[in-house]
Amino acid sequence: MTTFPVEKIRADFPILQEKIRNKPLVYLDNAASCQKPQQVIDSIVHCYSHEYANVHRGVHTLSVKATDRYEGAREKVKDFINAKSTKEIIFVRGATEAINLVAQTFGKANIKAGDEILITAMEHHSNIVPWQMLCKETGAVLKVAPIDLQGELIFTEFEKLISDKTKLVSVVHMSNALGTINPVEKIIAAAKAKNIPVLLDGAQAIPHMSVDVQALDCDFYVFSGHKLYAPSGIGVLYGKQALLEAMPPYQGGGDMIRKVTFTETEYNTLPYKFEAGTPNIADVIGMGAAIDYLNEIGMDKIAAYEAELLAYATEQARQIKGLRIIGDNNHKGAILSFVLDKIHPHDIGTMLDSLGIAIRAGHHCAMPVMDFFEVPATARASFAMYNTKEEIDVLMAGIEDLIKIFG
Amino acid sequence: MFDDLRDLYQEVIFDHNRNPRNFHIMENADRKVEGFNPLCGDRLTLFLKMEGDKIIDASFQGSGCAISTASVSLMTEIVKGKTEAEADALFHQFHEMTTGKEEMIDLEAIGKLAVLAGVREYPARVKCATLAWHTLDAALKNEQASISTE
(Lines give C-alpha, C1' and ligand atoms only; values in the text may rest on other atoms or scores of the structure.)
Protein backbone atom coordinates (compact mmCIF):
# COMPACT_ATOMS: atom_id res chain seq x y z
CA MET A 1 0.00 0.00 0.00
CA THR A 2 2.94 2.32 0.60
CA THR A 3 3.77 2.50 -3.11
CA PHE A 4 0.43 4.01 -4.06
CA PRO A 5 0.73 7.83 -4.05
CA VAL A 6 -2.51 8.43 -2.19
CA GLU A 7 -1.35 11.63 -0.46
CA LYS A 8 -0.28 13.13 -3.76
CA ILE A 9 -3.63 12.17 -5.27
CA ARG A 10 -5.55 13.64 -2.35
CA ALA A 11 -3.74 16.93 -2.79
CA ASP A 12 -5.14 17.12 -6.33
CA PHE A 13 -8.77 17.05 -5.11
CA PRO A 14 -9.58 20.46 -3.58
CA ILE A 15 -12.91 19.34 -2.11
CA LEU A 16 -11.15 16.84 0.15
CA GLN A 17 -9.88 19.84 2.16
CA GLU A 18 -13.46 20.85 3.02
CA LYS A 19 -14.73 20.68 6.57
CA ILE A 20 -18.20 19.19 7.06
CA ARG A 21 -19.87 20.14 10.33
CA ASN A 22 -16.43 21.30 11.51
CA LYS A 23 -14.85 17.93 10.84
CA PRO A 24 -12.56 16.83 8.02
CA LEU A 25 -14.62 15.43 5.17
CA VAL A 26 -14.47 11.64 4.83
CA TYR A 27 -16.04 11.15 1.42
CA LEU A 28 -17.31 7.58 1.02
CA ASP A 29 -20.12 8.13 -1.45
CA ASN A 30 -18.05 7.57 -4.55
CA ALA A 31 -20.44 5.03 -6.05
CA ALA A 32 -22.99 7.85 -6.28
CA SER A 33 -20.49 10.30 -7.74
CA CYS A 34 -16.73 10.88 -7.51
CA GLN A 35 -14.98 14.13 -6.70
CA LYS A 36 -12.94 15.95 -9.34
CA PRO A 37 -9.19 16.61 -9.42
CA GLN A 38 -7.88 20.13 -10.05
CA GLN A 39 -6.67 18.97 -13.48
CA VAL A 40 -10.26 18.29 -14.57
CA ILE A 41 -11.55 21.54 -13.05
CA ASP A 42 -8.72 23.45 -14.76
CA SER A 43 -9.46 21.88 -18.13
CA ILE A 44 -13.04 23.18 -17.99
CA VAL A 45 -11.94 26.64 -16.88
CA HIS A 46 -9.31 26.65 -19.64
CA CYS A 47 -11.88 25.62 -22.24
CA TYR A 48 -14.28 28.43 -21.37
CA SER A 49 -11.48 30.95 -20.81
CA HIS A 50 -9.41 30.31 -23.93
CA GLU A 51 -10.73 27.69 -26.34
CA TYR A 52 -14.51 27.76 -26.38
CA ALA A 53 -16.72 27.92 -29.47
CA ASN A 54 -19.18 25.54 -31.07
CA VAL A 55 -17.70 22.42 -32.62
CA HIS A 56 -17.87 20.95 -36.14
CA ARG A 57 -19.16 24.19 -37.63
CA GLY A 58 -17.01 27.23 -37.79
CA VAL A 59 -14.05 27.95 -39.99
CA HIS A 60 -12.76 30.36 -37.38
CA THR A 61 -9.80 29.57 -35.16
CA LEU A 62 -11.67 29.06 -31.90
CA SER A 63 -14.13 26.62 -33.42
CA VAL A 64 -11.27 24.65 -34.91
CA LYS A 65 -9.50 24.59 -31.52
CA ALA A 66 -12.65 23.53 -29.65
CA THR A 67 -13.33 20.82 -32.25
CA ASP A 68 -9.75 19.55 -31.88
CA ARG A 69 -10.07 19.32 -28.10
CA TYR A 70 -13.52 17.73 -28.29
CA GLU A 71 -12.47 15.12 -30.83
CA GLY A 72 -9.20 14.67 -28.94
CA ALA A 73 -11.24 13.61 -25.92
CA ARG A 74 -13.07 11.06 -28.08
CA GLU A 75 -9.67 9.64 -29.07
CA LYS A 76 -8.73 9.41 -25.36
CA VAL A 77 -11.95 7.56 -24.52
CA LYS A 78 -11.36 5.20 -27.45
CA ASP A 79 -7.88 4.35 -26.17
CA PHE A 80 -9.05 4.15 -22.54
CA ILE A 81 -11.48 1.31 -23.27
CA ASN A 82 -9.50 0.04 -26.29
CA ALA A 83 -12.24 0.50 -28.88
CA LYS A 84 -11.26 -0.06 -32.50
CA SER A 85 -12.34 3.33 -33.77
CA THR A 86 -13.56 6.72 -32.57
CA LYS A 87 -16.65 6.00 -34.69
CA GLU A 88 -17.64 3.63 -31.91
CA ILE A 89 -17.57 6.30 -29.18
CA ILE A 90 -20.85 8.20 -28.84
CA PHE A 91 -21.06 11.01 -26.30
CA VAL A 92 -24.30 11.03 -24.30
CA ARG A 93 -25.45 12.48 -20.96
CA GLY A 94 -24.56 9.38 -18.98
CA ALA A 95 -24.96 5.63 -18.71
CA THR A 96 -28.72 6.04 -18.32
CA GLU A 97 -29.08 7.90 -21.59
CA ALA A 98 -26.79 5.39 -23.31
CA ILE A 99 -29.04 2.49 -22.31
CA ASN A 100 -32.15 4.39 -23.33
CA LEU A 101 -30.52 5.13 -26.68
CA VAL A 102 -29.83 1.44 -27.29
CA ALA A 103 -33.35 0.48 -26.18
CA GLN A 104 -35.01 3.05 -28.45
CA THR A 105 -32.87 2.41 -31.55
CA PHE A 106 -31.33 -1.07 -31.53
CA GLY A 107 -34.22 -2.32 -29.41
CA LYS A 108 -37.04 -0.97 -31.55
CA ALA A 109 -35.34 -2.17 -34.75
CA ASN A 110 -34.55 -5.68 -33.55
CA ILE A 111 -36.84 -6.69 -30.70
CA LYS A 112 -40.40 -7.79 -31.38
CA ALA A 113 -43.38 -9.27 -29.57
CA GLY A 114 -42.44 -12.53 -27.84
CA ASP A 115 -38.69 -11.81 -27.97
CA GLU A 116 -36.76 -11.75 -24.71
CA ILE A 117 -34.29 -9.38 -23.09
CA LEU A 118 -32.17 -10.93 -20.35
CA ILE A 119 -30.91 -8.92 -17.36
CA THR A 120 -29.85 -9.89 -13.82
CA ALA A 121 -31.48 -9.37 -10.43
CA MET A 122 -28.76 -6.92 -9.37
CA GLU A 123 -29.41 -4.26 -12.01
CA HIS A 124 -29.67 -0.54 -11.33
CA HIS A 125 -33.07 0.90 -12.28
CA SER A 126 -31.40 2.39 -15.36
CA ASN A 127 -30.84 -1.11 -16.72
CA ILE A 128 -34.38 -2.24 -15.87
CA VAL A 129 -36.79 0.57 -16.73
CA PRO A 130 -35.67 1.31 -20.34
CA TRP A 131 -36.22 -2.39 -21.13
CA GLN A 132 -39.58 -2.46 -19.38
CA MET A 133 -40.61 0.52 -21.48
CA LEU A 134 -39.44 -1.24 -24.63
CA CYS A 135 -41.26 -4.44 -23.62
CA LYS A 136 -44.45 -2.47 -23.08
CA GLU A 137 -44.17 -0.93 -26.52
CA THR A 138 -43.21 -4.08 -28.39
CA GLY A 139 -44.69 -6.96 -26.42
CA ALA A 140 -41.23 -8.36 -25.70
CA VAL A 141 -40.53 -10.06 -22.36
CA LEU A 142 -37.98 -9.07 -19.72
CA LYS A 143 -36.21 -12.07 -18.13
CA VAL A 144 -34.28 -11.72 -14.89
CA ALA A 145 -31.44 -14.05 -13.91
CA PRO A 146 -31.40 -14.60 -10.13
CA ILE A 147 -28.64 -13.88 -7.59
CA ASP A 148 -27.69 -15.82 -4.46
CA LEU A 149 -27.54 -14.68 -0.84
CA GLN A 150 -23.92 -13.59 -1.25
CA GLY A 151 -25.09 -11.22 -3.95
CA GLU A 152 -23.56 -13.14 -6.87
CA LEU A 153 -25.21 -14.09 -10.12
CA ILE A 154 -26.30 -17.74 -10.22
CA PHE A 155 -24.60 -18.43 -13.52
CA THR A 156 -26.24 -21.79 -14.20
CA GLU A 157 -29.65 -20.10 -13.90
CA PHE A 158 -28.49 -17.30 -16.16
CA GLU A 159 -27.42 -19.85 -18.79
CA LYS A 160 -30.78 -21.60 -18.58
CA LEU A 161 -32.57 -18.32 -19.34
CA ILE A 162 -30.71 -17.85 -22.63
CA SER A 163 -32.97 -19.11 -25.38
CA ASP A 164 -33.67 -18.71 -29.07
CA LYS A 165 -36.02 -15.91 -28.10
CA THR A 166 -33.27 -13.90 -26.37
CA LYS A 167 -32.42 -10.89 -28.51
CA LEU A 168 -30.23 -8.99 -26.07
CA VAL A 169 -28.34 -9.65 -22.84
CA SER A 170 -27.91 -6.46 -20.78
CA VAL A 171 -26.02 -6.86 -17.51
CA VAL A 172 -24.21 -4.73 -15.00
CA HIS A 173 -20.42 -5.07 -14.97
CA MET A 174 -20.19 -4.13 -11.28
CA SER A 175 -23.22 -3.73 -9.03
CA ASN A 176 -23.65 -0.30 -7.43
CA ALA A 177 -25.76 -1.67 -4.57
CA LEU A 178 -23.57 -4.68 -3.68
CA GLY A 179 -20.18 -4.12 -5.26
CA THR A 180 -20.35 -7.53 -6.96
CA ILE A 181 -18.36 -7.80 -10.19
CA ASN A 182 -20.19 -10.06 -12.62
CA PRO A 183 -18.36 -12.82 -14.51
CA VAL A 184 -18.76 -10.83 -17.73
CA GLU A 185 -16.34 -13.00 -19.75
CA LYS A 186 -18.48 -16.07 -19.07
CA ILE A 187 -21.69 -14.13 -19.66
CA ILE A 188 -20.46 -12.84 -23.01
CA ALA A 189 -19.19 -16.28 -24.06
CA ALA A 190 -22.55 -17.86 -23.25
CA ALA A 191 -24.44 -15.18 -25.21
CA LYS A 192 -22.02 -15.30 -28.16
CA ALA A 193 -22.53 -19.04 -28.46
CA LYS A 194 -26.07 -18.14 -29.52
CA ASN A 195 -25.16 -14.98 -31.42
CA ILE A 196 -26.88 -12.74 -28.91
CA PRO A 197 -25.51 -9.21 -28.51
CA VAL A 198 -24.41 -8.12 -25.02
CA LEU A 199 -24.62 -4.71 -23.39
CA LEU A 200 -22.48 -4.10 -20.31
CA ASP A 201 -23.51 -1.35 -17.89
CA GLY A 202 -20.09 -0.14 -16.82
CA ALA A 203 -21.18 2.91 -14.82
CA GLN A 204 -19.80 1.46 -11.60
CA ALA A 205 -16.94 -0.64 -12.99
CA ILE A 206 -15.20 2.00 -15.08
CA PRO A 207 -13.39 3.92 -12.28
CA HIS A 208 -12.21 0.75 -10.58
CA MET A 209 -10.58 -1.44 -13.25
CA SER A 210 -9.13 -1.34 -16.73
CA VAL A 211 -11.73 -2.15 -19.37
CA ASP A 212 -10.88 -3.52 -22.81
CA VAL A 213 -14.01 -3.74 -24.95
CA GLN A 214 -12.23 -5.68 -27.71
CA ALA A 215 -10.87 -8.30 -25.31
CA LEU A 216 -14.31 -8.55 -23.68
CA ASP A 217 -15.97 -8.68 -27.11
CA CYS A 218 -19.09 -6.96 -25.74
CA ASP A 219 -21.34 -5.24 -28.26
CA PHE A 220 -22.21 -2.20 -26.17
CA TYR A 221 -20.47 -0.73 -23.13
CA VAL A 222 -21.93 2.29 -21.35
CA PHE A 223 -20.62 4.53 -18.58
CA SER A 224 -20.97 7.97 -17.00
CA GLY A 225 -18.24 10.55 -16.68
CA HIS A 226 -19.14 11.68 -13.18
CA LYS A 227 -18.15 8.35 -11.64
CA LEU A 228 -14.83 8.53 -13.49
CA TYR A 229 -13.60 11.74 -11.80
CA ALA A 230 -14.97 13.63 -14.83
CA PRO A 231 -17.79 16.22 -14.90
CA SER A 232 -21.43 15.25 -14.45
CA GLY A 233 -23.77 15.36 -17.44
CA ILE A 234 -21.48 13.50 -19.79
CA GLY A 235 -21.16 9.81 -20.58
CA VAL A 236 -20.25 7.33 -23.25
CA LEU A 237 -21.97 4.74 -25.36
CA TYR A 238 -19.52 2.36 -26.94
CA GLY A 239 -21.01 0.18 -29.67
CA LYS A 240 -19.47 -2.05 -32.29
CA GLN A 241 -19.35 -0.12 -35.54
CA ALA A 242 -21.44 -2.56 -37.58
CA LEU A 243 -24.22 -2.49 -34.97
CA LEU A 244 -24.19 1.30 -34.72
CA GLU A 245 -24.23 1.64 -38.54
CA ALA A 246 -27.34 -0.53 -38.73
CA MET A 247 -29.18 1.29 -35.95
CA PRO A 248 -31.61 4.12 -36.73
CA PRO A 249 -30.75 7.52 -35.21
CA TYR A 250 -31.92 8.41 -31.68
CA GLN A 251 -32.69 12.11 -31.86
CA GLY A 252 -32.97 14.34 -34.89
CA GLY A 253 -31.41 17.76 -35.22
CA GLY A 254 -28.23 19.56 -36.13
CA ASP A 255 -24.88 17.80 -36.37
CA MET A 256 -26.50 14.38 -36.93
CA ILE A 257 -27.36 15.18 -40.55
CA ARG A 258 -25.45 15.40 -43.79
CA LYS A 259 -28.14 16.90 -45.97
CA VAL A 260 -31.62 18.18 -45.15
CA THR A 261 -34.49 19.19 -47.45
CA PHE A 262 -38.17 19.37 -46.54
CA THR A 263 -38.78 16.03 -48.19
CA GLU A 264 -35.79 14.06 -47.02
CA THR A 265 -32.83 13.94 -44.67
CA GLU A 266 -29.56 12.15 -45.12
CA TYR A 267 -27.99 11.21 -41.79
CA ASN A 268 -24.42 11.90 -40.84
CA THR A 269 -21.81 9.18 -40.42
CA LEU A 270 -20.73 7.72 -37.08
CA PRO A 271 -20.38 8.85 -34.39
CA TYR A 272 -22.24 12.07 -35.27
CA LYS A 273 -25.39 10.24 -36.34
CA PHE A 274 -26.13 9.80 -32.61
CA GLU A 275 -25.04 13.26 -31.45
CA ALA A 276 -27.85 15.60 -32.40
CA GLY A 277 -27.48 19.21 -31.34
CA THR A 278 -24.59 21.08 -29.78
CA PRO A 279 -22.89 18.61 -27.46
CA ASN A 280 -21.61 19.10 -23.93
CA ILE A 281 -18.29 20.40 -25.25
CA ALA A 282 -16.51 21.54 -22.09
CA ASP A 283 -17.46 18.47 -20.07
CA VAL A 284 -16.31 16.12 -22.82
CA ILE A 285 -12.97 17.93 -22.69
CA GLY A 286 -13.09 17.53 -18.90
CA MET A 287 -13.57 13.79 -19.34
CA GLY A 288 -10.48 13.72 -21.54
CA ALA A 289 -8.55 15.39 -18.72
CA ALA A 290 -9.89 12.83 -16.21
CA ILE A 291 -8.69 10.00 -18.44
CA ASP A 292 -5.23 11.58 -18.75
CA TYR A 293 -5.15 11.84 -14.97
CA LEU A 294 -6.12 8.18 -14.47
CA ASN A 295 -3.69 6.96 -17.12
CA GLU A 296 -0.86 8.69 -15.34
CA ILE A 297 -1.63 6.78 -12.14
CA GLY A 298 -2.54 3.52 -13.92
CA MET A 299 -5.87 1.71 -13.68
CA ASP A 300 -4.21 -1.52 -12.53
CA LYS A 301 -2.51 0.27 -9.64
CA ILE A 302 -5.82 1.90 -8.70
CA ALA A 303 -7.55 -1.49 -8.75
CA ALA A 304 -4.86 -3.05 -6.54
CA TYR A 305 -4.98 -0.17 -4.03
CA GLU A 306 -8.76 -0.20 -3.85
CA ALA A 307 -8.78 -3.98 -3.35
CA GLU A 308 -6.60 -3.43 -0.27
CA LEU A 309 -8.97 -0.74 0.99
CA LEU A 310 -11.98 -3.00 0.52
CA ALA A 311 -10.28 -5.96 2.21
CA TYR A 312 -9.37 -3.74 5.17
CA ALA A 313 -12.89 -2.28 5.44
CA THR A 314 -14.52 -5.70 5.13
CA GLU A 315 -12.30 -7.18 7.82
CA GLN A 316 -13.07 -4.26 10.17
CA ALA A 317 -16.80 -4.42 9.43
CA ARG A 318 -16.93 -8.12 10.24
CA GLN A 319 -15.67 -7.35 13.77
CA ILE A 320 -18.68 -5.15 14.49
CA LYS A 321 -21.45 -6.97 16.31
CA GLY A 322 -24.86 -6.46 14.72
CA LEU A 323 -23.42 -5.42 11.35
CA ARG A 324 -24.40 -7.46 8.31
CA ILE A 325 -22.65 -6.96 4.99
CA ILE A 326 -25.10 -7.08 2.07
CA GLY A 327 -23.29 -8.71 -0.83
CA ASP A 328 -20.54 -10.53 1.03
CA ASN A 329 -18.51 -12.31 -1.62
CA ASN A 330 -15.02 -12.47 -3.07
CA HIS A 331 -15.72 -10.89 -6.46
CA LYS A 332 -16.23 -7.29 -5.51
CA GLY A 333 -15.19 -3.76 -6.27
CA ALA A 334 -14.66 -1.21 -3.52
CA ILE A 335 -18.20 -1.03 -2.13
CA LEU A 336 -19.29 -1.98 1.38
CA SER A 337 -23.08 -2.19 1.61
CA PHE A 338 -24.34 -3.02 5.10
CA VAL A 339 -27.18 -2.93 7.59
CA LEU A 340 -27.13 -2.68 11.39
CA ASP A 341 -29.48 -4.48 13.74
CA LYS A 342 -32.43 -2.25 14.63
CA ILE A 343 -30.84 0.92 13.23
CA HIS A 344 -32.28 2.25 10.00
CA PRO A 345 -29.76 3.22 7.28
CA HIS A 346 -31.08 6.79 7.23
CA ASP A 347 -30.28 7.17 10.91
CA ILE A 348 -26.81 5.77 10.18
CA GLY A 349 -26.41 8.29 7.35
CA THR A 350 -27.42 11.30 9.48
CA MET A 351 -25.29 10.17 12.43
CA LEU A 352 -22.18 9.63 10.29
CA ASP A 353 -22.76 12.95 8.51
CA SER A 354 -22.46 14.70 11.86
CA LEU A 355 -18.94 13.23 12.03
CA GLY A 356 -18.07 14.54 8.57
CA ILE A 357 -18.52 11.12 6.94
CA ALA A 358 -20.52 11.02 3.68
CA ILE A 359 -22.10 7.67 2.90
CA ARG A 360 -25.23 6.75 0.98
CA ALA A 361 -28.29 5.44 2.77
CA GLY A 362 -31.16 4.18 0.69
CA HIS A 363 -32.11 1.71 -1.99
CA HIS A 364 -29.33 2.81 -4.38
CA CYS A 365 -31.75 2.83 -7.32
CA ALA A 366 -31.89 -0.95 -7.02
CA MET A 367 -35.19 -1.63 -5.24
CA PRO A 368 -35.36 -5.25 -6.47
CA VAL A 369 -32.01 -5.90 -4.76
CA MET A 370 -33.39 -4.50 -1.50
CA ASP A 371 -36.49 -6.70 -1.84
CA PHE A 372 -34.31 -9.77 -2.43
CA PHE A 373 -32.33 -9.19 0.77
CA GLU A 374 -35.53 -8.18 2.59
CA VAL A 375 -34.16 -4.83 3.73
CA PRO A 376 -35.84 -1.46 3.12
CA ALA A 377 -32.48 0.12 2.41
CA THR A 378 -28.79 -0.29 3.15
CA ALA A 379 -25.98 1.97 4.25
CA ARG A 380 -23.25 2.03 1.65
CA ALA A 381 -19.65 3.13 1.99
CA SER A 382 -18.02 3.23 -1.42
CA PHE A 383 -14.33 3.87 -1.84
CA ALA A 384 -12.22 5.67 -4.42
CA MET A 385 -8.50 5.89 -5.09
CA TYR A 386 -8.21 8.93 -2.80
CA ASN A 387 -9.57 7.19 0.30
CA THR A 388 -7.29 5.90 3.05
CA LYS A 389 -7.21 3.24 5.75
CA GLU A 390 -7.35 6.05 8.30
CA GLU A 391 -10.68 7.16 6.83
CA ILE A 392 -11.98 3.62 7.14
CA ASP A 393 -10.94 3.70 10.81
CA VAL A 394 -12.94 6.91 11.27
CA LEU A 395 -15.95 5.23 9.63
CA MET A 396 -15.75 2.11 11.77
CA ALA A 397 -15.32 4.13 14.98
CA GLY A 398 -18.37 6.17 13.98
CA ILE A 399 -20.42 3.02 13.43
CA GLU A 400 -19.37 1.60 16.81
CA ASP A 401 -20.33 4.89 18.50
CA LEU A 402 -23.73 5.13 16.90
CA ILE A 403 -24.51 1.55 17.87
CA LYS A 404 -23.77 2.54 21.48
CA ILE A 405 -25.96 5.63 21.35
CA PHE A 406 -28.91 3.72 19.90
CA GLY A 407 -28.50 1.17 22.70
CA MET B 1 -20.01 12.06 20.58
CA PHE B 2 -22.78 13.15 18.18
CA ASP B 3 -23.19 16.40 20.14
CA ASP B 4 -24.40 18.22 17.03
CA LEU B 5 -27.32 15.83 16.77
CA ARG B 6 -28.87 16.37 20.20
CA ASP B 7 -31.61 18.56 18.74
CA LEU B 8 -32.56 15.89 16.23
CA TYR B 9 -32.16 12.73 18.24
CA GLN B 10 -33.65 13.55 21.61
CA GLU B 11 -33.98 10.87 24.26
CA VAL B 12 -37.76 10.72 23.72
CA ILE B 13 -37.12 9.75 20.12
CA PHE B 14 -34.76 6.94 21.08
CA ASP B 15 -37.32 5.79 23.64
CA HIS B 16 -40.19 5.65 21.13
CA ASN B 17 -37.91 3.98 18.56
CA ARG B 18 -36.94 1.24 21.03
CA ASN B 19 -40.45 0.81 22.38
CA PRO B 20 -42.99 2.12 19.91
CA ARG B 21 -46.45 2.77 21.43
CA ASN B 22 -49.65 1.38 19.90
CA PHE B 23 -47.56 -0.89 17.71
CA HIS B 24 -50.03 -3.56 16.64
CA ILE B 25 -52.55 -4.47 14.00
CA MET B 26 -56.11 -3.34 14.81
CA GLU B 27 -58.51 -6.03 13.65
CA ASN B 28 -61.70 -3.95 13.89
CA ALA B 29 -60.28 -0.69 12.54
CA ASP B 30 -62.63 1.69 10.73
CA ARG B 31 -59.82 3.28 8.74
CA LYS B 32 -56.66 1.63 7.47
CA VAL B 33 -54.17 3.52 5.29
CA GLU B 34 -50.67 2.63 4.18
CA GLY B 35 -47.93 5.26 4.08
CA PHE B 36 -44.76 4.79 2.10
CA ASN B 37 -41.64 6.86 1.60
CA PRO B 38 -39.96 5.38 -1.48
CA LEU B 39 -36.82 7.42 -0.90
CA CYS B 40 -35.87 5.53 2.25
CA GLY B 41 -38.25 2.58 2.18
CA ASP B 42 -40.15 3.62 5.31
CA ARG B 43 -43.47 1.86 5.31
CA LEU B 44 -46.29 2.02 7.82
CA THR B 45 -49.92 1.06 8.11
CA LEU B 46 -52.08 3.30 10.26
CA PHE B 47 -55.27 2.00 11.88
CA LEU B 48 -58.01 4.21 13.33
CA LYS B 49 -61.11 3.32 15.34
CA MET B 50 -63.76 6.03 15.03
CA GLU B 51 -66.84 6.93 17.03
CA GLY B 52 -68.73 9.56 15.08
CA ASP B 53 -66.09 12.11 14.19
CA LYS B 54 -63.91 11.16 17.15
CA ILE B 55 -60.76 9.03 16.96
CA ILE B 56 -61.13 6.63 19.87
CA ASP B 57 -58.17 4.39 19.08
CA ALA B 58 -55.08 4.50 16.86
CA SER B 59 -52.34 1.98 16.16
CA PHE B 60 -49.71 1.24 13.53
CA GLN B 61 -47.48 -1.42 12.00
CA GLY B 62 -44.45 -1.08 9.79
CA SER B 63 -40.76 -0.30 9.74
CA GLY B 64 -38.81 2.87 9.40
CA CYS B 65 -36.00 4.99 10.77
CA ALA B 66 -35.94 6.28 14.35
CA ILE B 67 -37.44 9.62 13.34
CA SER B 68 -40.38 8.14 11.45
CA THR B 69 -41.03 5.42 14.06
CA ALA B 70 -40.99 7.94 16.92
CA SER B 71 -43.17 10.32 14.93
CA VAL B 72 -45.90 7.78 14.24
CA SER B 73 -45.68 6.38 17.77
CA LEU B 74 -46.12 9.84 19.30
CA MET B 75 -48.88 10.64 16.84
CA THR B 76 -50.97 7.59 17.74
CA GLU B 77 -50.73 8.67 21.38
CA ILE B 78 -51.72 12.27 20.84
CA VAL B 79 -54.65 11.80 18.41
CA LYS B 80 -56.58 9.39 20.63
CA GLY B 81 -59.70 11.19 21.84
CA LYS B 82 -59.35 14.01 19.29
CA THR B 83 -62.08 14.89 16.82
CA GLU B 84 -61.27 14.82 13.13
CA ALA B 85 -61.11 18.63 13.08
CA GLU B 86 -58.75 18.71 16.06
CA ALA B 87 -56.50 16.07 14.50
CA ASP B 88 -56.49 17.99 11.25
CA ALA B 89 -55.50 21.18 13.08
CA LEU B 90 -52.67 19.25 14.74
CA PHE B 91 -51.52 18.00 11.34
CA HIS B 92 -51.20 21.58 10.12
CA GLN B 93 -49.39 22.60 13.30
CA PHE B 94 -46.98 19.72 12.89
CA HIS B 95 -46.38 20.63 9.27
CA GLU B 96 -45.69 24.21 10.26
CA MET B 97 -43.29 23.08 13.00
CA THR B 98 -41.22 20.88 10.66
CA THR B 99 -41.21 23.04 7.55
CA GLY B 100 -42.69 26.45 8.17
CA LYS B 101 -42.31 29.48 10.39
CA GLU B 102 -41.54 29.10 14.06
CA GLU B 103 -43.86 31.94 15.15
CA MET B 104 -46.85 30.11 13.65
CA ILE B 105 -46.55 27.20 16.08
CA ASP B 106 -48.96 26.81 18.98
CA LEU B 107 -46.58 25.19 21.49
CA GLU B 108 -49.36 24.23 23.84
CA ALA B 109 -51.24 22.30 21.15
CA ILE B 110 -48.10 20.66 19.83
CA GLY B 111 -47.10 19.43 23.31
CA LYS B 112 -44.84 16.40 23.27
CA LEU B 113 -44.53 16.52 19.48
CA ALA B 114 -42.09 19.41 19.94
CA VAL B 115 -39.29 16.85 20.29
CA LEU B 116 -39.50 16.44 16.50
CA ALA B 117 -38.94 20.14 15.79
CA GLY B 118 -35.24 19.40 15.20
CA VAL B 119 -35.89 17.94 11.78
CA ARG B 120 -36.39 21.41 10.31
CA GLU B 121 -32.58 21.74 10.32
CA TYR B 122 -32.27 18.50 8.32
CA PRO B 123 -34.21 18.90 5.06
CA ALA B 124 -33.39 15.33 4.02
CA ARG B 125 -35.15 14.02 7.14
CA VAL B 126 -38.31 16.15 7.21
CA LYS B 127 -40.25 13.53 5.26
CA CYS B 128 -39.33 10.89 7.85
CA ALA B 129 -41.20 12.92 10.47
CA THR B 130 -44.15 13.93 8.31
CA LEU B 131 -44.93 10.50 6.78
CA ALA B 132 -47.10 9.53 9.77
CA TRP B 133 -49.09 12.76 9.53
CA HIS B 134 -49.64 12.57 5.79
CA THR B 135 -50.92 9.04 6.35
CA LEU B 136 -53.26 10.31 9.08
CA ASP B 137 -54.44 13.08 6.77
CA ALA B 138 -55.33 10.47 4.14
CA ALA B 139 -57.10 8.37 6.77
CA LEU B 140 -59.14 11.36 7.93
CA LYS B 141 -60.15 12.08 4.37
CA ASN B 142 -61.09 8.41 4.25
CA GLU B 143 -58.74 7.67 1.36
CA GLN B 144 -58.20 3.95 1.49
CA ALA B 145 -55.37 3.79 -1.02
CA SER B 146 -51.74 4.02 0.00
CA ILE B 147 -50.12 7.41 0.15
CA SER B 148 -46.58 8.35 -0.55
CA THR B 149 -44.47 11.27 0.63
CA GLU B 150 -42.32 11.37 -2.50
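## The four-stranded sheet

Let's start with an open sheet in chain A of this predicted model: its four strands follow the order S13-S14-S17-S16, and their pairing is antiparallel. Strands here are DSSP runs of E with at least two residues, helices are runs of H or I with at least four, and both are numbered from the N terminus. Two strands pair if DSSP finds at least two bridges between them. The edges belong to S13 (323-325) and S16 (360-362) of chain A, each of which has a single partner strand, so one side of each is left without a neighbour in the sheet. From one strand to the next, the twist averages 30° (axes are lines fitted to C-alpha atoms, for helices over the stretch in contact, and angles run from 0 to 180 degrees between N-to-C directions).

Strands S14 (residues 335-340) and S17 (residues 378-382) of chain A run antiparallel and are joined by four bridges. Within this pair of strands, Phe338(A) stands opposite Ala379(A) of S17(A). Helix H12 (residues 345-353) of chain A packs on the sheet, where it touches S14, S16 and S17 of chain A, and its direction makes about 160° with that of S16(A). Residues count as in contact if their C-beta atoms, placed from the backbone, lie within 7 Å.

## Where chain A meets chain B

In all, 16 residues of chain A are in contact with 18 residues of chain B. On the chain A side, H12 and helix H14 (389-406) are the elements that give two or more residues, and H12(A) gives the most, with four.

By class, this side of chain A has six nonpolar, seven polar and three charged residues. Ala, Val, Leu, Ile, Met, Phe, Trp, Tyr, Cys and Pro count as nonpolar, Asp, Glu, Lys and Arg as charged, and the others, Gly among them, as polar.

## Two domains in chain A

Chain A is divided into domain 1 (6-30 + 298-406) and domain 2 (41-296), with bounds from an automatic or database domain assignment. Their C-alpha centres lie 28 Å apart.

The contact between them takes 21 residues from domain 1 and 23 residues from domain 2 of chain A. On the domain 1 side, helix H11 (299-319), S14 and helix H13 (367-372) of chain A each supply at least two residues. H11(A) has the largest share of that side, four residues. By class, the domain 1 side has eleven nonpolar, six polar and four charged residues.

## Notes on the model

Residues are numbered from 1 along each chain as its sequence is written, while chains are lettered from A and ligands numbered from 1 in the order in which they are written. As this is a predicted model, local features need pLDDT of at least 70 and side-chain atom pairs count only at pLDDT 80 or more, whereas totals for chains, interfaces and linings use all residues.

Terms used
Contact = placed C-beta atoms within 7 Å.
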